[in-house]
Amino acid sequence: MSKCKAPNSSHDVANQSGEERNNRHVKETITSKKPRVIVMNKERRDEMYTHYKDGLIKNDSIRALTWPADSERELLAKRIAGEVAEDLEERLIKAGSRDDIRQGGTFTGSEKAMYRSIQSFVAYVAHFVKESIQSSNLSVEARQGCRLHLPGQNVDYKPEDSDDSTRIDIGLVASKHDAAIELRVKPSYYRLRAVVEAKKGKGEGDLRDAFAQLCEYTRQMYAVQHNLRAVLGFTVCAGDIRIYHFGHSKIVASEPMDVTSPNGRRTFVELLVNMSLCDDSQLGRDPTMQYLPELRCWQIDCPDSSDDGSSSGVVSPYNFSNIICTADHLLGRHTRCFPATADRPAKRLERGESIMATVVIKDAFALAKRNASEDDRDEVKTLKTIRDTFERKKPNGILYPKIVVGGRVSFNRGSQPIEDTTSTIYAGANDELLAIVSSDSLFRAHRRIVMKTIGEPLRTVRTVKEFVAVIYDAMKCHYMVVKLYKILHRDISDNNILVVRMKDGTVRGLLIDFDCAIDISKDKEGVRGEMTGTRPFMSLNNLLRSNVMRTSLDDWESMLYLLCWYATIGFGTNGDCTEAQEPSTEQKLVKEQKHRDLHIAKWRHGTLVAITKAKLTNLRSLDNFKRDIVREFNKGTNNKELKDLALELYKALFKNGKLEEIYHGTEGEEEDPSLIAFLNGQPQPTSIDDDESNIANPFALRAEKWEQISDDLLSVIEKAKNDMVNWKDTP
C-alpha cells in the first residue's frame, strides 16, 4: 500500500456547503421507511454467502464498465493513471521496500493500520485527479461530469442510517471535482458510493466472509439510495483487491488486483481514476432523477410509451419528497414507489414537510424482451389494456390500478440517447459476460409507471373487517381481469395489495404490480413450469415447478396463505400489523421471536424444498390445516369469523365438491408417487389424460376446472364481506 499521508480529515458540519446541508435533509425525508432487520454474525455471513454464491460470477471485464465514455475524459484518465502509477513507484523506492504481506498471504500489521493504508491510497489518487482536472483543457461541461472519491474519516464504524449493529470497515463518498480534500465524519449509507470490506488474510474463508459482509452493506445502500441502478463495492484480503458489481440478476467480481506488485497497484489506480472521470450513470446512478436543492424535493422524468410499447419520446416531469416502497434487497427488480405530483412546488419545502401527492410512481427493472414492441409481458401495456377496457365497460364497484403514463426509461450518455436496460448497465463488458448478464432470460428494462390511486401498505389494516374488505376488492379485480382479458397476475403478496381509505370513510383494496402477469390465452410457455412470485405466498404448483398449467387457482392459493399469515400475526391492538411506518429494529426482533415456533413460520424461512414440504404437510387435509395453521390464528376480534373464512376457502380450493375425493387435499393418497416425483423435480403431466399411470394428480384436475373453482372462491369471500355487517366485534 502507499505510504503517503492522508489529507487533513477534519470535518465541521458548520462548514458544509449548501448542497451538503440539503442532502442531509433529503436523507431525513426520503428514508422514512427503514429496511428489514438483519443481524450480521457468522451464521448470517454463511447464510448470505450460500444465498448469493450462485449469483456470483467472475469476469475481469467488469473494470471496463468504468472506462469514461467521453473521449476527452478517457484520454485524460489514461494520462492521470500513468502519472499516478509512476509517482507511486518513485515514492515507494525512496521510502524503501517494506513487506506488509507475509508469505502465505496475511497482513502483518493491525487491521486498523490496514484500513489507514487503504484510506491513504484512495486519498492520494484523489489529490492527483483534482490537480490534473484543474490543469487540464477539459471543457466546463466535461469537468462537471467528474468527481473525487474519498474515504470517510472513520473506520470500523456503524453508519447512522444502518438498520442493524454491523460496522463497515471503510466507506467511499463522492465530492465535486474541485472540492477540498476533506474526509467526512462517519458517512451514512445514504452518502456512500462504495463500501470497502477488508480482511488481514486472503484464505478462502476470508474471501467468503468479506463477500458476504459486502452483500449486506450493499443491500443497505440500495434500501436508502433510491436513485441506484447498480452498485460497486470492494474487498481487500491482505494484498488482493477485488471490485464487485451488484446488478439486478448477477454479482460480478473481478480477478484480484495484487497491490503488493507494480502491475496490481497500477490496475487499482486506473480503476479509481476511471471512477472519477466516467459518467455517473456508469457508476449506477440514475440520471433521470435529480435533487432540486432550491425546493428540497426530487424531480423524476416519467416516459409515456406508444401503444405498441416503443418509445414515443414524450417525457413528463414529476416531483416527490418521500418513498412508499424501497428496494431493500440485492437482486431482482429493485421496485420502488414514490408518492408524487406533476405540479412543481411553489416554494421550498420546510424540514419534515412532504409534497402533497396526487399519483404514485412505480420504478423497477423488470424482465423484458429486447424489442419493446414485442414485449407481451410489458406491465405498461397490461395496465393500459385494463384501464381502457374498464373505462369502456365500467364494471360495477371494481377498484383497479389506473395508469396515467408509463414506459421504458431513457437518458443521454454523451450526446446519444440510450434506453436504460441490462445492456446499458453492462456497456463495456466483454462478450462472455454480456452473454450471461444480458441473456434473453435475464434481460431487464427500466420501466416507470405513474398511477392515480394512492394507497397504504396492507400492514396498515386495523381490523379483520378492513382486511376482508381489502382482499375482497383485490381478488374481485383479479377475477375480472382474468375473466375479461385472460391476464393472470401471478404474484399475490402483501406488497401487491394496497389499502385505500376513501373520503367517505370506507376502506377498499387495490391490486397492483402486474410485472409478472401474462396473457394465458397466448403465453403457453409461461403457464407451465415457471416459478414466479413472492416465496412465502407461492402456490404448491409454483413451488414444485410442475408442468401443470398455472391458473388463477395458484393466485387464490397465494391469497389463502396471505390471509393465514395476517390472521396469525393479528390486527389492531391485538396484533402486529398496524404500523404506518416500517417497524423498528426492536419491534421486528420481538415479532420474529414471537412467531418463530409456529407452523406457518416454515412457509417463510428455509429452502424452497423445506417450504414446499411444510405446505404439503399443513395442507394435506382439512384436519391438518385446522390443527397446524388455523389453530394458531391470533386470538383477536372476529377470530372465529376469520377461521371460518379460511376453512371455507380451503374447502373450495382443496376439497371442492366438483372433484372426486381422490383429488382432495395436496397429496391424494399417503404414498402418492406423483408427489414424490414433484419433490424430485420430475416433469408432471399437464392433464389427467396425459398420465399413463392413472395416479391421482390433485393439481392437474383442479387446473382443468379452474374457472368453476374460481367462481366458488370468489363467492366464499364475497359472502364473508356481505356478512361482516352482522359480525360481533368480540374475540
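Strands S22 (residues 497-501) and S23 run antiparallel, and 5 bridges hold the pair together. Keep in mind as you look that this is a predicted model.

S22 and S23 belong to an open sheet of 3 strands, ordered S20-S22-S23, with antiparallel pairing. Strand S20 (456-457) and strand S23 (507-511) are the edge strands, so to speak the two ends of the row, as each pairs on one side only. In general, the strands of a sheet pair through backbone hydrogen bonds, and they can do that in a parallel or an antiparallel way. A helix joins in here too: H11 (residues 464-485) packs on the sheet and touches S22 and S23. The direction of H11 makes about 40° with that of S23.

Next, two helix pairs. How do H17 and H20 run relative to each other? Their axes cross at roughly 170°, and angles over 145 degrees count as roughly antiparallel, so H17 and H20 are roughly antiparallel to each other. For H2 and H6 the angle is about 85°. Angles from 65 to 115 degrees count as roughly perpendicular, and that is why H2 and H6 get that label.

| Helix pair | Residues | Axes | Angle |
|---|---|---|---|
| H17 and H20 | 639-654 and 706-723 | within 9 Å | roughly 170° |
| H2 and H6 | 42-52 and 204-224 | 8 Å apart | about 85° |

Who meets whom? On the H17 side you'll find Leu645, Glu648, Leu649, Ala652 and Leu653, and their partners in H20 include Ile709, Asp712, Leu713 and Val716. That contact of H17 with H20 divides into 9 nonpolar, no polar and 2 charged residues. In the other pair, Arg45, Asp46, Met48, Tyr49 and Tyr52 of H2 meet residues of H6, among them Glu204, Arg208, Phe211 and Cys215. The contact of H2 with H6 has 6 nonpolar, 1 polar and 6 charged residues.

Finally, have a look at Asn59, which lies in the loop between strand S1 (56-58) and helix H3 (71-95). Is Asn59 buried or exposed? Its relative accessibility is 6%, and so Asn59 counts as buried. The side chain of Asn59 makes a polar contact of 2.5 Å with that of Ser61, and another polar contact, of 3.2 Å, links the side chains of Asn59 and Asn430. Leaving aside residues up to four places away in sequence, Asn59 touches Val252, Ala253, Ser254, Asn430, Glu432 and Leu433.

How values were computed: Residues are numbered from 1 along each chain as its sequence is written. This is a predicted model: local features need pLDDT of at least 70, side-chain atom pairs count only at pLDDT 80 or more; totals for chains, interfaces and linings use all residues. Side-chain values use heavy atoms; hydrogens and water are left out. Axes are lines fitted to C-alpha atoms, for helices over the stretch in contact, and angles run from 0 to 180 degrees between N-to-C directions. Helices (H or I, at least four residues) and strands (E, at least two) are DSSP runs, numbered from the N terminus. Angles under 35 degrees count as roughly parallel, over 145 as roughly antiparallel, 65 to 115 as roughly perpendicular and the rest as oblique. Contact means heavy atoms within 4.5 Å. Ala, Val, Leu, Ile, Met, Phe, Trp, Tyr, Cys and Pro count as nonpolar, Asp, Glu, Lys and Arg as charged, and the others, Gly among them, as polar. Two strands pair if DSSP finds at least two bridges between them. Buried means under 20% relative accessible area, exposed over 50%, partly exposed in between (1.4 Å probe, protein chains only). A polar contact is a pair of N or O atoms within 3.5 Å; within protein, one must be able to donate a hydrogen and the other to accept it, and residues adjacent in sequence count only if both atoms are side-chain atoms.
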